[in-house]
Each structure stands twice: as structure tokens, then as C-alpha cells.
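This report describes a ligand site, the domain layout and a sheet. The structure is shown below.

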Amino acid sequence: MFDLTTQDIKYLPGVGPQRAVTLNKELGIYTLHDLLYYFPYKYVDRSRIYSIREIDGTMPYIQLKGEIRSFELAGEGRQRRLIAHFTDGTGFVDLVWFQGIKFLTGKYKVHQEYIVFGRPTVFNGRINIAHPDVDLVTEVRMDAMGLRPYYNTTEKMKRSFLNSNAIEKLMGTLIQQLHEPLPETLSSEILTEHHLMPLTEALVNIHFPGNADLLRKAQYRLKFEELFYVQLNILRYASDRLRKYRGYIFRRIGDVFNTFYTRNLPFELTGAQKRVLKEIRHDLGSGRQMNRLLQGDVGSGKTLVALMSMLIALDNGYQACMMAPTEILANQHYETIRALLCGMDVQVELLTGSIRGKRREAILQGLASGEVKILIGTHAVIEDTVGFASLGLVVIDEQHRFGVAQRARLWTKNEQPPHVLVMTATPIPRTLAMTLYGDLDVSVIDELPPGRKPIATIHQFDNRRECLYRFVRAQIAEGRQVYIVYPLIKESEKIDLKNLEEGYLHVCEEFPDCRICKVHGKMKPAEKDEQMQLFASGEAQIMVATTVIEVGVNVPNASVMIIENAERFGLSQLHQLRGRVGRGADQSYCILMTGYKLADDTRKRLEIMVRTNDGFEIAEADLKLRGPGDLEGTQQSGVAFDLKIADLARDGQLLQYVREVAQKVVDEDPERKLSKNEILWRQLKVLRKNNVNWAAIS
Ligand code: ADP
Ligand code: MG
């Protein structure tokens, strides 16, 4: 059979060696198969030309026909733009370019007839189309009416005339060469049951849609398949793991847990904490190895849940360990947990990179003998030299900082893997969680402890700084403490940014009576700890820092979080930073400082921050604004994110549906032996071989 994956792109008529190199380098297209799976990013309805009079600002991409009357260069610096005043006789539209101005000047001429394609926006009664496609009427194939594909290309490609039109032509040639259908990649059972278009038909229609309905069906089929295999991969992995490993069974709730619960627990658990503990207890008693993700917004009380889970392990004769991503955090957990267990006979130890020599030896011995019951630490705890007598439960805090490989190393500590609880305060939208952590069960703490006042978030422009400082002075006078956070930048970059050092000096000048400490990522751990300690103990009133304080640090008396250059931060980062305040009983404030000029996206981010404190809402918004590739944790996750056609932000429902389909396949055919599924398992193998990320999860 004609195997497209072995056909070099350079032999396709119209490509040749030079263009082949460009396609290799710019788009990673090496074979005919790669080209065929390079999908259009949009389609233009070339069957309709709108008139400017009809435009109302709510329209998606449209097509206009007319001429440019004049050009104008406007604005300065980043706002510099080329404007072409375009008319079709029914009205005017401004065509605007912010990039490639040099290249474009002279490219287009006045009084020539053009077809313009783009998305119109209406502002102050003027219609704009930013970065439109502009083609001479004579160059547009008006004969090819209907939906035409548009392909992403790079500047480099355009310069060697490999624009969207050229790709379209190549695609046409390729598809003409397909004399027989390609081998199907889904089983006939799945195709029939879910009414999916056959593969070849879908591929043809994704590039050259017969009509809008066929396009929709082609897209559905290809998205279905893409998400299906991501899920099949994860679920197969989870099922194998379940069959391969048994879990320790923790049946007892004993003295340690009960003593803590009745004597030491300083407050009533929230409803959400109780529910999650129940879920965990159920896992621990089930005979299956627990792999649970605990999601809870900052300040929702995850540490306590983790501790109580560890106590269950202790009651059943096992040790527990808790890993944090930084030394500061490990320290803090250690202090917190020691305080919570005060008066109880449970040996807790701290192990980090800076604990060495005799102290370290003693701890290692205690772990090996089983005397040390709870170990808290950084990733130092997964080093090979650390051995446990009987490790029953591992808690990983702020999971996104640990790669999958690191998680897996934990399992080598025992013959039987310990139960694993991973915790994250970066709420992950459901669809993303299913893909990122699809092999984990998920619990959610969706309730904050009582008595917390919602943090007031305010967006403030730089020129109101005096007013801000008055407010800060007043808060400090009341005994509160203040964080001031600067974006993390390299010294060599942009001088216009106040970096941390400058900021620090400035703050020292403004607040001569205060003690001010400073923390950044480049400091030595000991120095960092010392500075943190100054703030935690209340000796310093102001902490100037980079985002190193983003994770987990807990100083309940701090009530003001000022974020400088807030436009430089992503939504989830802003939310994490805000979570550093609002931990005590006092009203807390988060102040987002920015300059006047803001991009649309930035403005939206800030608006969301001001409007809500709900981490899940923020995470959903973040996913929509940025797309999943940029979300924290996705890079190290070890799960494929180079989805070609499905969009996790939009295709959540399909993902859910497809996951159930994949689950059914795995349940029915755990040994991968049924002949009706042969196609599926073979295709999964092919995908895993070609995709480094996929291979990494097992
Ligand atoms: P996070 O989920 O961000 O890790 P923590 O576990 O640090 O949150 O808890 C935040 C604060 O809330 C801590 O000071 C903790 O003692 C307190 N806390 C936790 N659970 C409760 C509760 N049920 N009632 C009151 N305060 C609680
Ligand atoms: Mg925490």
C-alpha cells in the first residue's frame, strides 16, 4: 500500500529540494503524510463578497472588494502602524498593520482593485481590519467559489513564495495523487457507532470542503480521533498500572489519627475538607494504589488534608513523606506540621539539600529503621540514598513543579508503590486536567475556611503611586505587612522596567522608617531563608520580591500584595501571588500596578482579576485567553500538547464524550486482544513511537 509516511516531500511536483528544506525547517513537514496533516487554520467563504455598508462589528471573517484611496503612517514606537483607507463605494474601512510596515509600504498600490479578507472591528464608528489578507482581484481564483482553506505560513516562507495559496496548490496535487483510500485509523465499530466520516474523506474535506456540512463532519471526525488517542493512551496506562500494582490497604483509623482529631485539630474541618478526606480514605482502603490529584485554591487548607492522610498511613504501620518544590516551602510545611502535632509522639523530620553530614546520617538511619514516621523535604527525598523501612504514602505539594519522571522515581522506593497524593493550588480546568492528569483521580476543595474576607483587588495606574503609598503607610501603621512583587527579568533586558534592585532602593527611600527585606531566585538558600524569616517573624514590614514567593508561603499578617508591572504576568500567576494575602482575619488587598497603555488581552486579564477571586473561573479564562500550551505545568507534564485540530478550550464536551468511548475500549479489552480493536492498538503504537511526549508517560 502507498505509505505516505515514507514519501519525501521533495518529490511532490511543485516542491523540489529548495522548497523542501523550507518546509522542513519552517513547518516540520518532511513527508507527504506530514503535509496532509497540516490543516488549514481557517476557511474563507469565497462565495460571498460583503459591502462595507453591511458591516456591524459582530461579524467573523469577511471578504470585501474595492480599492485603497490613500496610505497613512500613524503612532510611534509599539503603536506605530500603517493605515490604508479602503473603500468599495458603500463606505470606508481602515486596513491596519502594526508589523512588517517596511515590507508592506510599496507592496500595495492605490486605485487597484483588491479583495480584502479579515475580521472587522468597529471602534468609535470607524471600521478597522487589522492585518488583513489583501490580494489583487486578478489573482484570486474567483472560479473556485465556496470554502477555501487558509494555511499558516511564516514570514520566511512568504518571502520564498510559499504562502497559503502555494500550500493550497501543493495540497491539491497531493490529494489528486491519492488513487485509493488511506488505511483507516479507527475501528469500524467506532466509526459506525459514532457516525464518523471515513478517514480519507475527512482528510480531503478538511482541505477542500465540499460544503459547510462536510467540513463540519470532517472536523468532527479528526478531532474525535485526536482526542480519542490521547485518552486511550492515558487510560490504557492507568489500567495497566492498576492491574500491575496492588495498593497497601490501610484499614484502621487508629490512635494517631484520633488523638490528632480530638485533641490537636485547632478548628472544625470545612465541608470540602471532610469530603476529600472521605475520598482519600476510600482509596486507601480499596486495595488499589491511590493516585489522586487534590486541587484546591490557595488557602483552602490542603496541608491539613495531607497531614491527616499521612496520619492514616501511620496508624497502619507505615511511614509517610511529603515533598515540596522549594526549600522555603518544605521548611514551612515542617514547622506547620510540627506545630499541629505538638504533644503527640510522632517523629517528624526535615530533609533538604542543605541538611548534610551527621544530621543527614541520623535522619537516613531513622527512616531506614522506621523510627522517623513523617519525612518532609524537597526533591532531596527522592535521591537514591534515601531509603524507607515502609513508605506507605507520598504527598507531593504543588505538583506542577514535579515532572512525571520524578513522580515515577518515588515508586522505586518500595517493591509495591506507595499511595500518591498530589496537590496543586493552580486550579486546572476540567478538560485540561483530563488530558494532563488523566491517569489520576481528582478531588477538589471548593470551599475556603470560614471567616475569610474576600481579597479586594484594585487595578491602579502608575501615576497614582502617591496615593498607593499613603495607603501602604496606613496599613503598616495598623501593624500589617506588605508584599511588593516585581516581574522576573534578566538584567540585560529592557531598561524601562524597574527591576527588583531599583524597586528595592525606591521602596527604601519611600519608607525610611520601615524594615524592608528582599528575596529573589538567584539568592543562596540560606540568605533567602534569612530574609523570609525576617518577614515571617514580623520584623520586616515590607517584602520586596520576585515571583519566588508565588508558591505556598504563608504569613497571615500580610494584608497587602502590590504587583508591579502587572501586565507582565499571566492570570494564574497573578492569582497565585494574590493568594499570599487574605490568610488572616483582616481585610486584604491586592493592587495591580500598570502603565496607561494596555493591550486588549492584558486589559481582560486585569478585569478578570478585579472581578473574581475564584481560581477555577480564572483558570478557565486563562485557558481561553492563552490556549493550553502556555498554561503552567503543561510543559513538564509529559502529555502531548501539540494537538493539531482539537482545542482543549473549546472541545471540552467532545473530550468528555471521547474519554468515555476510550474507557469502554480499555474496560472491554484490557489485554488488548480483541480483533475488532486491532486497528486501535496498532494506531496507538504508531502514535507513541512518533511522539516523544506520549512515550514519556509509561
Ligand atoms: P493551601 O491549600 O493553600 O495549602 P493551607 O493548607 O496553607 O492552604 O491553609 C491555609 C490556612 O488556613 C492555614 O493557616 C490553615 O491553618 C488554615 N486552615 C486550614 N483549614 C482550616 C479550617 N478548616 N478552618 C480554619 N482554618 C483552616
Ligand atoms: Mg499549600
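In this predicted model, a polar backbone atom of Gly299 lies 2.6 Å from an oxygen atom of ligand 1. Polar contacts of ligand 1 with two further residues are listed with it in the table.

| Residue | Part of the residue | Distance to an oxygen atom of ligand 1 |
|---|---|---|
| Gly299 | polar backbone atom | 2.6 Å |
| Ser300 | backbone N or O atom | 3.4 Å |
| Arg583 | N or O atom in the side chain | 3.4 Å |

Ligand 1 exposes 570 Å² when taken alone, and the protein buries 80% of that area. Its surroundings comprise 17 residues, of which Glu268, Gly299, Lys302, Thr303 and Arg452 are the closest. By class, this shell holds 5 nonpolar, 7 polar and 5 charged residues. Helix H11 (residues 302-315) supplies the largest share of the shell, with 3 residues.

As for the overall layout, the chain is divided into domain 1 (1-44 + 147-211), domain 2 (47-145), domain 3 (255-445) and domain 4 (456-612). A separation of 50 Å is computed between the C-alpha centres of domain 1 and domain 4.

An open sheet with mixed pairing is formed by 7 strands, in the order E6-E7-E4-E3-E2-E5-E8. Strand E6 (120-123) and strand E8 (133-136) are the edge strands, each pairing on one side only. On average, and with direction ignored, neighbouring strands of this sheet are turned by 40° against each other. E6 and strand E7 (residues 126-130) run antiparallel and are joined by 4 bridges. Across from Thr121 stands Asn128 in E7.

Definitions and conventions
Residues are numbered from 1 along each chain as its sequence is written. Chains are lettered from A and ligands numbered from 1 in the order in which they are written. This is a predicted model: local features need pLDDT of at least 70, side-chain atom pairs count only at pLDDT 80 or more; totals for chains, interfaces and linings use all residues. Side-chain values use heavy atoms; hydrogens and water are left out. A residue is near a molecule or strand if one of its heavy atoms lies within 4 Å of it. A polar contact is a pair of N or O atoms within 3.5 Å; within protein, one must be able to donate a hydrogen and the other to accept it, and residues adjacent in sequence count only if both atoms are side-chain atoms. Accessible areas come from the Shrake-Rupley method with a 1.4 Å probe; for residues, only the protein chains shown count as cover. Helices (H or I, at least four residues) and strands (E, at least two) are DSSP runs, numbered from the N terminus. Ala, Val, Leu, Ile, Met, Phe, Trp, Tyr, Cys and Pro count as nonpolar, Asp, Glu, Lys and Arg as charged, and the others, Gly among them, as polar. Domain bounds come from an automatic or database domain assignment. Two strands pair if DSSP finds at least two bridges between them. Axes are lines fitted to C-alpha atoms, for helices over the stretch in contact, and angles run from 0 to 180 degrees between N-to-C directions.
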